[in-house]
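I opened my notebook to look up one residue and then the fold around it. Here is what I wrote down as I went.

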Amino acid sequence: MAAAGGADGLRGLLFYKVSCPTCQMAAPVAERLYRAVGELLVAVAQDPPERVRGFEASYGTSFPSLSDAEPHEVSDAYGVRTVPTLFLLRDGRVDDVVESWDREGWNRVGAKLAAAADVAAEALSWPGDGLPPFRPG
């Protein structure tokens, strides 16, 4: 991944798998984040491109997704143990990591990316939005 990013060299990197129920649940939140910060968020799907396109159609996502199909070389390089995993990169180095669906963590990384994109930080998820505070991937 390139080191370029928003203010402070920040970029979000989201790893997911199309068949993962937790990833499917988090897809609308990832889409909200992408719509707020644009190109500062890049996703990496642990699936072949045709399955990624199917996910985009099924879940209404428009964020760019790169394919990291078997043997998951990019995922392995980042030490991804579970999906979804959301990284905050600063100048190409890992600054923060949120594994699984963790509302607090996603909101924390989202706020940092919003600041880097110079947009108002809004919560990505909140109590009462129908999502649990935590769900393992």
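Predicted model: local features only at pLDDT ≥ 70, side-chain atom pairs only at ≥ 80, totals over all residues.

**Entry 1: S67.** I asked myself: is S67 buried, partly exposed or exposed? S67 has 36% relative accessibility, so S67 counts as partly exposed. My cut-offs: buried is under 20% relative accessible area, exposed is over 50%, and partly exposed lies in between, with a 1.4 Å probe and protein chains only. Residues are numbered from 1 along each chain as its sequence is written, and side-chain values use heavy atoms, with hydrogens and water left out.

**Entry 2: around S67.** I found S67 in strand β3, residues 65–67. Which residues does S67 touch, not counting residues up to four places away in sequence? I listed A45, D47, P48 and P49; a contact means heavy atoms within 4.5 Å. I also checked Q46: Q46 and S67 are 21 residues apart in sequence, and their C-alpha atoms are 6.2 Å apart.

**Entry 3: the whole chain.** I counted four helices and seven strands in the protein chain. These are DSSP runs numbered from the N terminus: helices are H or I with at least four residues, strands are E with at least two. Along the sequence I read β-α-β-α-β-α-β-β-β-α-β. The radius of gyration is 14 Å, close to the 14 Å that the globule rule gives for 137 residues, so the chain is as compact as a globular protein of that length. The radius is taken over C-alpha atoms, and the rule is 2.2 Å times the number of residues to the power 0.38. The C-alpha trace spans about 35 × 35 × 25 Å along its principal axes. Buried residues make up 45% of the 137.

**Entry 4: the core.** I looked up the largest nonpolar core and found 39 residues, with Y16, W106 and L113 having the most contacts inside it. Such a core is a set of buried Ala, Val, Leu, Ile, Met, Phe, Trp, Tyr and Cys residues joined through side-chain atoms within 4.5 Å. Which element gives this core its largest share? I wrote down α1, with nine residues. In soluble globular proteins, nonpolar side chains tend to be buried together. I then followed W106: leaving aside neighbours within four places in sequence, W106 is in contact with residues including L14, A26, P84 and L124.
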